[in-house]
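Open the model in your viewer and keep the selection tool at hand. This tour goes stop by stop.

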Amino acid sequence: IVTSVNELAARVRLLLMDVDGVMTDGRLYNVPDPQGRMVETKGFNSQDGIALQWLNWMGIDAGLISGRVSPGTVTRAEQCKMKYIYQGHIEKIPILREILADAGLVGDEVAYIGDDLTDVVVMNRVGLPIATANARPEVKRCAKYVTAAPGGDGAVREVCELLLKAHGYWDQLLAKYEITAGAA
């Protein structure tokens, strides 16, 4: 039985993702703090952020599993109302198991957005594995959905809209903002 992306998306109760290359374009900037020490920073897409908050409103949790540690990532995840924030984990399977246990979910109820090789092991264990447009070719081959937008430039927003539409929440969200369904 071939299951459509929309059918898979309708089952999703949790959206997990990598950070660099997914929530960002993958670039890392080192800038000096007032004492002259280098501090890492990165840029996040505002439209991704509001879409993650919409998921939260509709009862679909979100979280991240990142190999890098960045205070900016924690701040952004909190702004976006993410429930799960894990950093400094290149080995992502134990973290996925911990999150599934905490959430009381099985892999089929999870979507995961990745862009690099370390993400494939998680993608292989969820119901809706997603690769960003800028993902490595090996990662795209493991995905059931590849975003049109690259990471850091609307990929997360695209996935959030996919989930909101599959769950039947999109028209309700449009109405909240006084937008007629089907309007361009």
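Start by selecting Val126, in the loop between α5 (120-123) and β7 (128-131). Helices (H or I, at least four residues) and strands (E, at least two) are DSSP runs, numbered from the N terminus. Val126 is buried, at 8% relative accessible area; buried means under 20%, exposed over 50%, partly exposed in between (1.4 Å probe, protein chains only).

A word on the model: it is predicted, local features need pLDDT of at least 70, side-chain atom pairs count only at pLDDT 80 or more, and totals for chains, interfaces and linings use all residues. Residues are numbered from 1 along each chain as its sequence is written, and side-chain values use heavy atoms, with hydrogens and water left out.

Next, select Glu91, in the loop between β5 (84-87) and α4 (93-103). Is Glu91 buried or exposed? Glu91 is exposed, with a relative accessible area of 63%. Show Val122 as well: Glu91 and Val122 are 31 residues apart in sequence and 9.5 Å apart in space, C-alpha to C-alpha.

Last stop: Ile50, in helix α2 (residues 46-57). Ile50 is partly exposed, at 33% relative accessibility. Color α2 and helix α7 (residues 155-166). Their axes are 8 Å apart, at an angle of about 25° (axes are lines fitted to C-alpha atoms, for helices over the stretch in contact; angles run from 0 to 180 degrees between N-to-C directions). The two helices, α2 and α7, are therefore roughly parallel, a label for angles under 35 degrees.

Note on methods
Parallel < 35°, antiparallel > 145°, perpendicular 65-115°, else oblique.
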